[in-house]
Amino acid sequence: MDTTTFHEKGNISIHTENIFPIIKKFLYSDHEIFLRELVSNAVDATQKIKRLASLGEYGGELGDLTIKVSVDKEAKTITISDKGLGMTADEIKKYINQIAFSGALEFVEKYKDQGVERGAIIGQFGLGFYSAFMVASQVEIVTKSYQDAPAARWICDGSTEFEITSADKTERGTDIILHVAPDSEEFLEQYRLNTILEKYGKFLPIPVEFDGKVINETEPIWTKNPNDLTDEDYLKFYETLYPFSEKPLFWIHLNVDYPFNLTGILYFPKIKNELQLSREKIQLYSRQVFITDEVKDVVPDFLMLLHGVIDSPDIPLNVSRSFLQADANVKKINGYITRKVADKLNELFKNDRTGYEEKFSDIGLFIKYGMVSDDKFYDKAKDFVLLQSADEKYYTLEEYKTKTEATQKDKDDSLVWLYTTDAGKQDAYIQTALTRGYDVLKLEGAIDPHFIGKMEQKLEKTSFKRVDADSLDRLIDKGVTVESVLSEDEKTSLKSLFEGVAGAGYSVDVQPLSSDELPVVLTQNEFMRRMNDMSKMGGQPAFFGSMPMTYNLIINANHPAILRVKDSADSNLAKQLIDLALLSQGLLSGPSLTEFIKRTVATV
Ligand SMILES: Nc1ncnc2c1ncn2[C@@H]1O[C@H](COP(=O)(O)OP(=O)(O)OP(=O)(O)O)[C@@H](O)[C@H]1O
């Protein structure tokens, strides 16, 4: 056996020739963004000549500044032409050759130890132009500077060699000609280019023409002053973004320039169904160039339900996800958006309570979700979140406290808020509570169990109890014992009689309730039910989820019907009373329901 061992240290050498395969493979998984990069460069060049003209540094005619994209299927070329400031031969050498190559080297140096992360460099290293090589085997630049210098042509085939010659271009501006590589010929299709331009360039600030048509709207409304816009403008823009959608409820125009730059419009959509919420409806732009509609991390999670656009040059766009999460600007933007949304809601609430209440069934979900997931938002929203009572009226937390304080405090001075998760099914319980002078809240949405949990954490000495969780006397325990007319022996025999009739799955308890309660009350323990609900939604110990739901039958020892069962030991009557309790919970079905009907008909 050969036992020779090796130990050697060294440097892996990096050659600039290696850079193109890296760009081609790793820069972006989406090759289509080459067009975004090249058209953005054309926009930049055009903006620059406009600025030079306005500063008086360029005295010539600006002329028609439309950027033209064209495709020649025969010659297999795509051309992007602008009337921007152009480049001299020296500038090509400086901007295209040197900087990019050193930038590329720097990139390799920086990332050689970490592996290359997708999309990590464009923008940071000025490599946008080189994304052309993701689809082209050869790239030509033909350009004439606004300065008095001869036109130049640059050609490169993706190796580190290039050629510069003089050209006969007479008009100011730049043509970028891509000789499309065999594996990228899909980009020679008209519709493909059109789709890409529509996606990334719809709101570019300089007109872009393709196939004889201008594809963009150069002054989208988010770039305008809110004072110059009407509701119609906002609704029309919403329609362009999301054709065939229902009208949004309202919108917020974002506009900050310090400490970061951000403009945009966020719409509150009308939600038909909590389950149909479509996320990723917010589009992210950087200086009017579409970047992505995956705005996670930039927009607080609970506001992902909003629609609209955000435009900010301060969001690092081409960096990785993990970087984005840690970015200080992104955090600030997050906080800013949350604050703006809260302010807008507060303003609506204050200025138009009726209108706000009308919209509450739609916006309540955002607000509650926000309160549950974001403490800063909670602090603002606690003043304008509304609770709806069973009589359909809306109350703020403070108002509801005032309303219930006198009647719904228990013996420990804790406020108990009764609620229903299904006003239809739990109607019997609601009616009993109302007769007693208590109020019942409607908390019927999917978010409400979480909302209730949050409220109980935040509100002092306040608990929520579902109206059918126990008898009223026990839900709001005032410490007043209702005297029972039955002796202990009588209670025991009633208990065993009902146990025999009810069967397994029910626990039976004989209690002196007030005579306005039902003779038999079916309850589901609040704690057990919540645990069960939670584990169904995931996130809670499976232990509770795997336990079968048990029901309690409370036999009202003070009800005349129960006294009759006691005297007659009539198990049919007992069965009838249990079935009535089940019926009031919507739990009677199948053969049991048929039997109940038969039995009832017989007595009638
Ligand atoms: N169409 C053009 N007209 C004039 N100059 C251009 C044009 N395209 C590129 N340039 C010059 O080449 C430089 C390098 O372009 P490149 O796209 O690689 O990087 P960038 O635009 O500086 O940054 P990014 O990576 O964000 O695009 C530009 O800064 C610009 O000076």
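Helices (H or I, at least four residues) and strands (E, at least two) are DSSP runs, numbered from the N terminus, and two strands pair if DSSP finds at least two bridges between them. This is a predicted model, in which local features need pLDDT of at least 70 and side-chain atom pairs count only at pLDDT 80 or more, while totals for chains, interfaces and linings use all residues. Residues are numbered from 1 along each chain as its sequence is written, and side-chain values use heavy atoms, with hydrogens and water left out.

- Strands β9 and β10 (residues 262-268) run antiparallel and are joined by 7 bridges.
- Within this pair, His-253 stands opposite Ile-265 of β10.

- Strand β11 is mostly covered, with 5 of its 5 residues buried; buried means under 20% relative accessible area, exposed over 50%, and partly exposed in between (1.4 Å probe, protein chains only).
- In a regular strand the side chains alternate between the two faces of the sheet.
- Both faces of β11 are covered: Ile-282, Leu-284 and Ser-286 are buried on one side, and Gln-283 and Tyr-285 are buried on the other.
- Strands β11 and β13 run parallel and are joined by 4 bridges, and Asp-311 of β13 is the bridge partner of Tyr-285.
- Strands β11 and β12 pair in the antiparallel sense over 3 bridges, with Thr-292 of β12 as the bridge partner of Leu-284.

**Loop residues with positive phi**

- Most residues other than glycine have a negative phi.
- The hairpin of β11 and β12 has 2 residues between the strands, and Arg-287 there takes a positive phi near 45°.
- Arg-287 is exposed, with a relative accessible area of 60%.
- Glu-392 is not a glycine either, yet has a positive phi of about 75°.
- Glu-392 is located in the loop between β14 (386-388) and β15 (394-396) and counts as partly exposed at 46% relative accessibility.

**The three-stranded sheet**

- A further open sheet has 3 strands in the order β19-β21-β20, with mixed pairing.
- Strands β19 (506-511) and β20 (520-523) are its edges, each pairing on one side only.
- Neighbouring strands of this sheet are turned by 25° against each other on average, direction ignored.
- Strands β19 and β21 (residues 551-556) pair in the parallel sense over 6 bridges, and the bridge partner of Val-510 in β21 is Ile-555.

**Helix pairs**

- The axes of helix α8 (residues 353-373) and helix α12 (residues 448-458) come within 9 Å and cross at roughly 50°.
- That angle makes α8 oblique to α12; angles under 35 degrees count as roughly parallel, over 145 as roughly antiparallel, 65 to 115 as roughly perpendicular and the rest as oblique.
- The contact is made by Lys-368, Met-371 and Val-372 of α8 with Asp-448, His-450, Phe-451, Lys-454 and Met-455 of α12.
- By class, the contact of α8 with α12 has 4 nonpolar, 1 polar and 3 charged residues; Ala, Val, Leu, Ile, Met, Phe, Trp, Tyr, Cys and Pro count as nonpolar, Asp, Glu, Lys and Arg as charged, and the others, Gly among them, as polar.
- The axes of helix α18 (residues 571-584) and helix α19 (residues 590-603) come within 11 Å and cross at roughly 125°, which makes α18 oblique to α19.
- Residues in the contact of α18 with α19 include Leu-580 and Leu-583 of α18 and Leu-593 and Phe-596 of α19.
- The residues of this contact of α18 with α19 divide into 4 nonpolar, 4 polar and 4 charged.

Notes. Axes fitted to C-alpha atoms, helices over the stretch in contact; angles between N-to-C directions. Contact = heavy atoms within 4.5 Å.
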